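This report describes a ligand site and the salt bridges of one protein. The sequence and structure come next.

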Amino acid sequence: MEVVIVPDAQAGGELIAEALAALLRRRPDALLGVATGSTPLPVYRALAARVRAGTADVSHARIAQLDEYVGLPADHPESYRSVLAREVLEPLGIGMDAFLGPDGTAADVPGACAAYDRALAAAGGVDLQLLGIGTDGHIGFNEPCSSLASRTRIKTLTEQTRIDNARFFDGDVTQVPHHVITQGIGTILEARHLVLLATGEGKADAVAATVEGPVAAVCPASALQLHPHATVVVDEAAASKLKLADYFRHTWADKPEWQGI
Ligand code: PGA
């Protein structure tokens, strides 16, 4: 995997937005896998700025959701469908007709999960999947010890993840659902390019385990080591526990700019 250490979250957002803009120049109807959480917001802001400046064209782009709470009505402000509509689709001027996501309110949850995997495949697969990482190493909502071969399915959140996400529910952990639908790790690995963004000291242990630890289900993000095109973008704080940080810095500094990530 490639590890890029950037000065701060904004620089990470700019780098990834540029990769998305370049992808859309090559493939205008690219299927972009997006993530929720605080970390990716600088990416969406930087991409929206490029759209306004006319240097990125998202008019044919399609958007795919990574995970969703089970049981929150789709129009609940914290359902991930609502969050993505607010943070990604509206600022970019992309309509819901170009959006793919699982149905978190379905009576038949396993059926909805299988239907979502089929929908992703029928759409040609995800071209670039943007990922955050949990403090416990989760990607999507694949919590520790998720099968590395897993498909989209229901998962139970760890208490730590519910506590981490309580800030979106008035700080009240009892409002955070226990269950979610998440693309499986096997599903995520099918995207053509994986880009994981991590910022802040709180992610340093998870980043070190992802990049320099063994491939192990106890750190789901370590599955990125199995992918032929995975990029980990980290700020200095999130990189602070990487033993090979200097090597990653030199490699990036010497990379021809035209190659991008
Ligand atoms: P965060 O969430 O970006 O809000 O830290 C990341 C995640 O849980 O995947």
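## Ligand pocket

The ligand takes up the space of the second largest pocket. The model is predicted, and the distances and areas below are computed from it.

Nine positions make up the surroundings of the ligand: Gly37, Ser38 and Thr39, then Gly132, Ile133 and Gly134, and also His138, Arg167 and Lys203. Sorted by class, this shell holds six polar residues, two charged residues and one nonpolar residue.

## Polar contacts and burial

Which side chains place a polar atom within 3.5 Å of a ligand oxygen? Thr39 has a polar side-chain atom 2.4 Å from an oxygen atom of the ligand. For His138, an N or O atom of the side chain is 2.7 Å from a ligand oxygen. For Arg167, the corresponding separation between a side-chain N or O atom and an oxygen atom of the ligand is 2.8 Å.

The ligand taken alone exposes 280 Å². Of that area, 83% is buried by the protein.

## Salt bridges

Over the whole structure, the search finds 13 salt bridges. One of them joins Lys255 and Glu2, with 2.7 Å between the closest N and O atoms. Glu2 belongs to strand S1 (residues 2–6), while Lys255 is in the segment that comes after helix H8 (245–253), so this pair ties together parts that lie 253 residues apart in sequence.

Conventions:
Residues numbered from 1 in each chain as written. Predicted model: local features only at pLDDT ≥ 70, side-chain atom pairs only at ≥ 80, totals over all residues. Heavy atoms only, no water. Near = heavy atom within 4 Å. Polar contact = N/O pair within 3.5 Å; in protein donor to acceptor, adjacent residues only side chain to side chain. Areas by Shrake-Rupley, 256 points an atom, 1.4 Å probe, with all protein chains shown as cover. 1 Å grid on protein atoms, 1.4 Å probe; cavity = no way out; pocket = protein on both sides within 12 Å on 5 of 7 lines; lining within 4 Å. Sits in = over half its atoms within 2 Å of the grid points. Nonpolar A, V, L, I, M, F, W, Y, C, P; charged D, E, K, R; others polar. Salt bridge = Lys/Arg side-chain N within 4 Å of Asp/Glu carboxyl O. Helix = DSSP H or I, 4+ residues; strand = E, 2+ residues; numbered from the N terminus.
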